[in-house]
Amino acid sequence: MNAIIFSAVLGVVMMFSGIILRSKSAVTTTAIVSLLVLLLANIFNIYDVFSIHIDTRGLLHFNKFGLFFNSILISATLIFVLLSGKDIEKAGANVSDYYALIFFVLCGTSILTSFNGLLILFLGIEIMTIPLYILTGADKRNLKSNEASLKYFLMGCFSTGIMLMGIALVYGATGSFSLNVAASSPASAGMPVSSFLQMAGLILLFVSMCFKVSAAPFHFWTPDVYDGAPGVFTSFMATIVKAGGFFAFLNLFESNAQLLGPTWKLLMSFVIIATLLIGNITAVFQQSIKRMMAYSSIAQAGFMLFALYSFNDMAKEGILLYAVAYCLATIGFFSVLIKVKDYTFDGFNGLAKTQPVLAFSATVFLMSLAGIPLTAGFFAKYYMLASVVKSGGSLWIVVVAVLFAAISVYYYFKVIQAMYFKEGQPETLEITGSFKTGLVLVAAAVILVGVLPSIVLNWFYF
Amino acid sequence: MIALLLILIPLAAGLVSFAMKQDSAAKTISLLASVVTLALALAAVGTSSSIVYDVAWLNDLGSRFTLKMDGLSKLLALLTAVAYPLIFVAIQHNAYKKTASFYGLMLLAQAGLMGVFMAADVLLFYFFWELALIPVYFLSSIWGGEKRIAVTFKFFVYTFLGSLLMLAGILLVYFQTADHSFAMKAFYEVKLSGAQQTVAFWLFFIAFAIKMPIFPLHTWQPDAYEQSPTATTMVLSGIMVKMGLFAVVRWLLPVFPQATVQFGNLIMILSIIGMLFASLIAIRQDDIKRLIAYSSIAHIGLMSAALFSGSRSGAEGAMIQMFSHGVNVIGMWIIADQIEQKLGTRKMSELGGLAQKAPAMAVLLVVMALANIALPLTNAFIGEFLMFSGIFQHNMWMAAAAGVSIILAAVYTLNMVQKVIYGALSPISSAAVEISGNVKMALIIIAVVIIVFGVFPQPMIELTKDTVAGLFVKK
């Protein structure tokens, strides 16, 4: 409960900080302090040092897995603000509002890591996405940003509608908003109509969740929104928000997937392969790195979906590790990307000469995204694939995934090629020493988790 | 401890070399580190028992940081350790932009290679397998020839794809092991059904076949050899392709015995087709580097065929030849590099009569060339002889087909020798000068190795004995 309350309150605090504090950097500092407070509050909750209890009549359920995931998301946000704080200040006029919105998003993700009913799921999703519509349009004078925001809003509303329809159908069938549809189901007593409603409701929920995590074939909004939004917020959306969405997806279907029986694996195989195919193949043909990253985030979602395919302990550990690896690498890479003025591949030509630290860190992040051993991304992918093999049979889907992972090397390494092997004078924004230090630390963390993934996982079991 | 140091010294020296401001400092550190590594490797070869280093790593996953040096590991660690000082000495006067990074990456690759040859835990092996690849990718892409970026990338994607397939195979076997462990022992003792063996065998084999490379997966190789800076090509063809062969001995034959028998013939046929195919292409080459590249494919094909022949002498010969070929081919590359550096061309049609200008080089080239066609009294002879006898025991016709490639090897190798060093002095060759002292030293060491092991191959046979015996233990 701590995280939900604190993030909401701190969001309001941030909103007012804009009135009191004159300088933008002071607002950023406040945000960093607030995030630390939030992180501490959440950690206190994990170890029960200090936690607020409110009787939610079973609508919220806090377990260690969820709270730990929460810590990951808050830490990722902290790293994001530390690295890209300067760029958030430049994204538009109302810095304090952006931070307030980021806190509200975190409130949404905190709900999503603890929901225990469909209604709360809906609330969480809405609290998480509505601030995002605004953040996407933060660059008010940029037509692309406006377009992206509107597109995101319309598509988001549409998927929310589908989700509500799904919830309504499930409610109609079972008379309950309980997360465990099967347990509260009168269908087991043999009522075909309600069983059909229940199925239809679940499928609609599945579709809307696929939409939120940009799984194919519901991914069409992603490239435009990620490309149009200001770079800093794309980074936030592609990592923290997506990971939060995945957690909700996992949580929602963990108990309900069995209702669909063997159809579930079939459905998931279709979605996974479509997502990997579209994400990877389309990313290959992009000219702009930012757009390439949008497709790459679809491709990465394809890998994360394996957790929903196998649903075992390994998958749960895997999604934690994936969230860590993916957030670190993507936030790190985006923080470099937004420092470079030209987002095309040619804009990165020769970066290794002019900015060796940036180029090196970016290389580590890209290798992690590609899943090269010794980086966090390798173990993230490893756990996902291992969970599938562990769940029995179906090696073919692992082989397919592996082929796509090999394709992903193509577009990630194109950036490395531009930075190291091509000549050019890339224009960059001003780069401070502290930014470089932060970047190197994040890169070091990526390698550390890549050598000893148990660091993350032991913390989880502690 | 020696095993760990063999990895740590190149790794540390590589990282230090990156930080060096002065080129000469980087060169000195690299040479020093490689000599120390060589001394350690010799010490390792000198110990009679196998060397084991074991420390906890990923307990949750059932993987440990285990290094084990048996005979073949020692032999290949020795090859890696011998090759590096030779390469560093031979390229001492070559100018590279960003010298410190060049030497640093070379040493990182050495650390990776050492790890591959010693890892006794399959996940660790996988890590080193990739660690060896990445520095080479950067080396070839930054310092290579004109088409370097595309060519190196093809090479990288090929091998990365292979490794990922291997990863899928590893996972498949891992979940069948008794105690969910990546340890070599667990993999050797695993019980797999026929279908599982088949699938996992191919997943592993494709990775190794790309690395070796075996027909029809060899297409990355000639371009990559040609475009890479020659020092990197030496690492690639001298040591790195041995990774594939070594991996077959270490992870394929013992883990999937039935599948090996089942598909051995098919792989032997592919290997022999590759040998003949590469030899025929080699005859048509005008570029020295490409000629050596195709000749290398032919040699690797023979080793692979011998490994799958299922005979003791075949395996023994292949292991010895891994070392011999590694040393010999580095000698060939050094000479090719010298010719290119001095004369600015690698085309045989533009060369000729070099013996008049550079007699020492000519003599040494002849020694290397004779070793390349495995003449008796050169180190390659004993290996090829054993391999042929192994293939012959398996199937006479295959041995006959493979034998043709030996004749072809003589054709293209002697043809090259004739065109490059004999005949009338060509206009380009007339500018040639004798090779410098450091190169001469490196080449003479190689020539000595060629002749000493040609006359007295017993130490190598002794060294590989335990690995060979391990392969032919009845399960």
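Which residues does N328(B) touch, not counting residues up to four places away in sequence?

Reply: N328(B) touches M368(B), A371(B), N372(B), A380(B) and I450(B), leaving out residues up to four places away in sequence. Touching, or contact, means that the C-beta atoms of two residues, placed from the backbone, lie within 7 Å.

First, the ground rules. This is a predicted model, in which local features need pLDDT of at least 70 and side-chain atom pairs count only at pLDDT 80 or more, while totals for chains, interfaces and linings use all residues. Residues are numbered from 1 along each chain as its sequence is written, and chains are lettered from A and ligands numbered from 1 in the order in which they are written.

N328(B) sits in helix α13 of chain B, residues 312-343. Helices here are DSSP runs of H or I with at least four residues, strands are runs of E with at least two, and both are numbered from the N terminus. N328(B) counts as buried because it has 27 C-beta neighbours inside 10 Å. The cut-offs are 20 or more other C-beta atoms within 10 Å for buried, 12 or fewer for exposed, and partly exposed in between, with C-beta atoms placed from the backbone. A401(B) is 73 residues away along the chain, and its C-alpha atom is 24 Å from that of N328(B).

Next, a loop in chain B. A374(B) lies between α15 (359-372) and α16 (379-394). A374(B) is not a glycine, yet its phi is positive, about 60°. It is buried too, because 26 C-beta neighbours fall inside 10 Å.

Now the domains. Chain B is assigned domain 1 (1-255) and domain 2 (268-475). Such bounds come from an automatic or database domain assignment. Taken over C-alpha atoms, the two domain centres of chain B are 22 Å apart. Their contact takes 40 residues from domain 1 and 44 residues from domain 2. On the domain 1 side, α3 (71-90), α9 (220-227) and α10 (230-252) of chain B are the elements giving two or more residues. That side divides into 26 nonpolar, 10 polar and four charged residues. Nonpolar covers Ala, Val, Leu, Ile, Met, Phe, Trp, Tyr, Cys and Pro; charged covers Asp, Glu, Lys and Arg; the others, Gly among them, are polar.

One backbone detail belongs to chain B as well. The peptide bond joining M212(B) and P213(B) is cis, with omega about -5°. P213(B) is in the loop between α8 (194-211) and α9 of chain B.

Chain A has a cis bond of its own. It runs from A216(A) to P217(A), with omega near 0°. P217(A) is in the loop between α7 (192-212) and α8 (221-228) of chain A. S214(A) is in the loop between α7 and α8 of chain A. S214(A) has a positive phi near 50° and is not a glycine. S214(A) is buried because it has 27 C-beta neighbours inside 10 Å.

Last, the two chains together. Contact between them involves 21 residues of chain A and 23 residues of chain B. On the chain A side, α16 (376-390), α17 (395-421) and α19 (454-461) each supply at least two residues. α17(A) gives the most to that side, with 12 residues. By class, the chain A side has 18 nonpolar, two polar and one charged.
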